[in-house]
Amino acid sequence: QTRKYKRKIEESFTDELDAAQICKRRIEHLRMGASAFENASDPNNEPVLSQWKRTRLDRFLVEHLLRTGHYATAMKLIDDNRQLKSLTNIDIYLVAQAVESSLLNRETATALAWCHDNRSKLKKLHSQFEFHLRKQDFIELIRTGRRVEAVRHARKYLVGQEDVCFEEVQQCTGMFAFSTSDTISPYKHLLDPDRWSHLVEEFRSENYRLFQLSTQSVFSAVLQAGLSVLKTPQCYGSRDKKNPDCPICEELLNELAKNSPYAHCSQSRLIDSISGQPMNSDNVPMMLPNGYVYGEKSLQDLAAENEGIIVCPKTKEIYDIREMKKVYVM
Amino acid sequence: MESINAVDKELDRVLGKFTALKNHGLRTVGDLETQLLSLKNELQSAPPESKLTFGQISILSQVMTKVKEATSRIATEHRELHGTVSKVGKSIDKNFVPDYDSVVSDKEFRTDEKMKILDKVICNHFFRSGQVEVGEELAKEAGLAFDVKSKEPFQEINQILEHLKGGNVQSALAWCDRHKDKLHEMGSSLEFKLHRLCFISLIQEGPSRQKDALTYARIYLPKFAGTHQKEFQSLMATLLYVSHGMDQSPYRHLLDPFLWADVSETFMRDACTLLGLSIDSPLAVCVNAGCVTLPALLSIKQVMMQRQVQGMWTSKDELPIEVDLGTKCRFHSIFACPILRQQSTESNPPTRLVCGHAISKDALARLSNSRQVKFKCPYCPMEQNPADARQIYF
């Protein structure tokens with residue numbers, strides 16, 4: 001017997017130690033990132049930083065894919081990069097997958113087992129999920145005409161909940177009065193097969209509440225912020241303003257960003273559309289007589305190749321380099 | 001960084017205490033186990049009829065009490081550790097944000113249509129960044145019909161990159177050959193860099209390969225003599241060091257492994273320009289930008305909540321704060337009128353006054369009440385006619 005006890009101690013301690021180790025690994029990952037950012041100006045640090053950013057994106061994607069039900073893809077990502085396993089909570093999602101698929105198959109056993117495993121926390125959250133599961137069992141019993149069993153089931157499971165969900169219990173007992181094929185039954189909403197999908201949703205939100213997970217994936221939040229901060233009116237303007245390097249000008253992201261707020265700019269930041277380089281006091285913006293503005297350096301390069309003649313890249317109009325005029329932008 | 005350190009400290013404490021308690025517990029139970037075993041053997045060795053002696057009974061009861069004591073002590077110590085564990089939790093809660101609902105809406109990507117677009121975006125990202133199998137798996141799971149042709153160029157590029165990582169330049173050279181006209185037009189130094197790496201590795205192999213190095217140089221390098229003169233000269237000079245190795249030579253920078261990473265990047269850049277694509281996966285750029293923005297938004301939202309300003313930002317608005325992403329993330333020219341401090345739009349474009357200063361159209365309208373009367377530029381004493389101002393395009 002002492003042997004059993006010894007094993008139990010070992011098991012429970014090892015579990016807790018493992019959990020602490022996972023936390024430690026995540027902290028180390030974050031620490032590496034934080035110090036990489038602190039050394040961002042050091043060119044030797046560049047590959048470290050970009051590798052860390054790639055890992056960050058991958059772990060965001062793993063979580064997001066798990067949340068949207070693309071389990072196989074998420075597992076594949078983890079296979080490629082083992083580090084991701086301790087950086088994401090796949091176990092929670094895999095358990096959730098099992099429960100959700102069983103609910104969609106119209107059985108409550110797996111979900112009830114989950115409730116049992118997490119009963120203390122669910123109780124603290126005042127969760128009614130278990131009660132709803134029992135209620136669904138009751139409904140199914142009535143649906144298949146096993147009324148005696150239904151009564152026994154109600155006596156066992158639904159009775160204790162009167163103080164909390166009195167109305168619902170009332171409705172259940174009321175169902176006895178009507179036959180299941182009765183389409184005019186005031187309780188036919190209880191027989192609706194969609195209740196199973198509602199149970200899935202309820203499970204999902206209880207699961208998130210239990211583990212203090214947010215209702216949206218981190219990936220989704222970060223993407224929205226990113227879309228906003230990169231969004232400019234030119235991304236939605238005429239075709240010639242679009243920049244192939246700009247993510248928001250890309251077709252799919254453009255569609256996603258339609259409802260996001262624009263980026264806020266209080267200062268002018270100009271880019272030369274020929275070279276992609278910034279235009280500032282080192283590369284003065286110059287206006288051609290047609291009103292188009294380019295960087296001085298690019299215009300000089302164009303003129304040098306063509307004996308002092310410039311062809312405007314956008315309108316193809318021809319000008320002499322001496323016709324360009326300086327633009328002062330504050 | 002301090003948040004990380006704070007949580008780390010608590011974690012270390014927990015780890016330390018748990019390990020100590022675990023070892024202590026195991027040791028105590030181990031001792032008791034041996035004691036009980038020895039007692040059991042003693043009892044078994046005695047003949048079955050004999051009654052337990054008084055001494056044996058007292059030893060038995062002693063051992064029993066010891067066992068009870070040990071188990072209850074371990075249980076209490078375990079319970080006390082709960083305090084340390086919850087400190088870790090509290091430290092995490094204090095230092096890290098649990099959710100972002102206050103700044104970004106969680107309903108945004110919920111519609112089926114948007115989810116489909118999001119799946120496509122993620123799928124494209126995987127193809128771009130060389131995680132082709134993952135992309136295919138996602139396409140299968142999400143039911144996306146992807147264009148086989150669209151991922152072909154990426155597959156080739158990624159394959160070549162893999163080869164380059166392994167130190168093999170042949171496929172890259174073959175690719176260069178196929179696209180040499182366009183590369184020449186772009187003024188790319190990719191081919192030169194590849195040949196240079198080959199040549200250097202031949203030199204490194206020592207005098208036995210000297211002839212091979214010379215032949216290689218004769219075949220492949222002359223065409224670069226004109227375009228990359230200085231580099232070419234340095235390469236030729238490295239022949240001097242064939243026997244001694246280049247480590248001590250003034251050309252040891254040519255041995256730097258960084259050159260391999262550089263050639264991979266040059267290849268990626270040229271390949272993307274050839275295909276007319278952006279260099280980085282758009283999703284990656286967006287997410288990285290978002291990671292910089294989100295903390296800034298969270299802190300401003302906190303300030304706003306404290307001052308009773310509410311409401312979520314919509315597409316009619318701009319974000320409340322400016323976030324500097326650095327020059328790499330500037331894809332469009334942004335003109336902010338210095339007078340009205342607003343971004344220019346299609347209906348309010350920037351204009352250049354005769355003196356050269358740029359202001360927005362609305363600001364111009366405000367400065368000059370009619371179109372004929374001369375007005376003074378706010379930044380220099382030049383007087384001018386508002387009709388002479390030109391609309392400019394960036």
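Between chain A and chain B there are 14 residue pairs in polar contact, both residues at pLDDT 80 or more; a polar contact here is a pair of N or O atoms within 3.5 Å, one able to donate a hydrogen and the other to accept it, with residues adjacent in sequence counting only if both atoms are side-chain atoms. Salt bridges (a side-chain nitrogen of Lys or Arg within 4 Å of a carboxyl oxygen of Asp or Glu) come to zero between chain A and chain B. This is a predicted model, where local features need pLDDT of at least 70, side-chain atom pairs need 80 or more, and totals for chains, interfaces and linings use all residues. Residues are numbered from 1 along each chain, chains are lettered from A, and side-chain values use heavy atoms, leaving out hydrogens and water.

How much area do chain A and chain B bury between them? About 9,600 Å², 66% of it on carbon and sulfur atoms; that's the accessible area (1.4 Å probe) lost on being put together, summed over both parts. The contact (heavy atoms within 4.5 Å) takes 106 residues from chain A and 107 residues from chain B.

Now for the rings. Six aromatic pairs turn up over all chains, a pair being Phe, Tyr or Trp rings (the six-membered one for Trp) with centres within 6.5 Å, called stacked with planes under 30 degrees apart, edge-to-face over 60 and tilted for the rest. A:Trp114 and A:Phe203 sit edge-to-face, 4.8 Å centre to centre with 80° between the planes. Both A:Trp114 and A:Phe203 are buried (under 20% relative accessible area, 1.4 Å probe, protein chains only). Ring pairs also link A:Trp114, A:Phe129 and A:Phe203 into a cluster.

How values were computed:
Buried area is the accessible area (1.4 Å probe) that two parts lose on being put together, summed over both. Buried means under 20% relative accessible area, exposed over 50%, partly exposed in between (1.4 Å probe, protein chains only).
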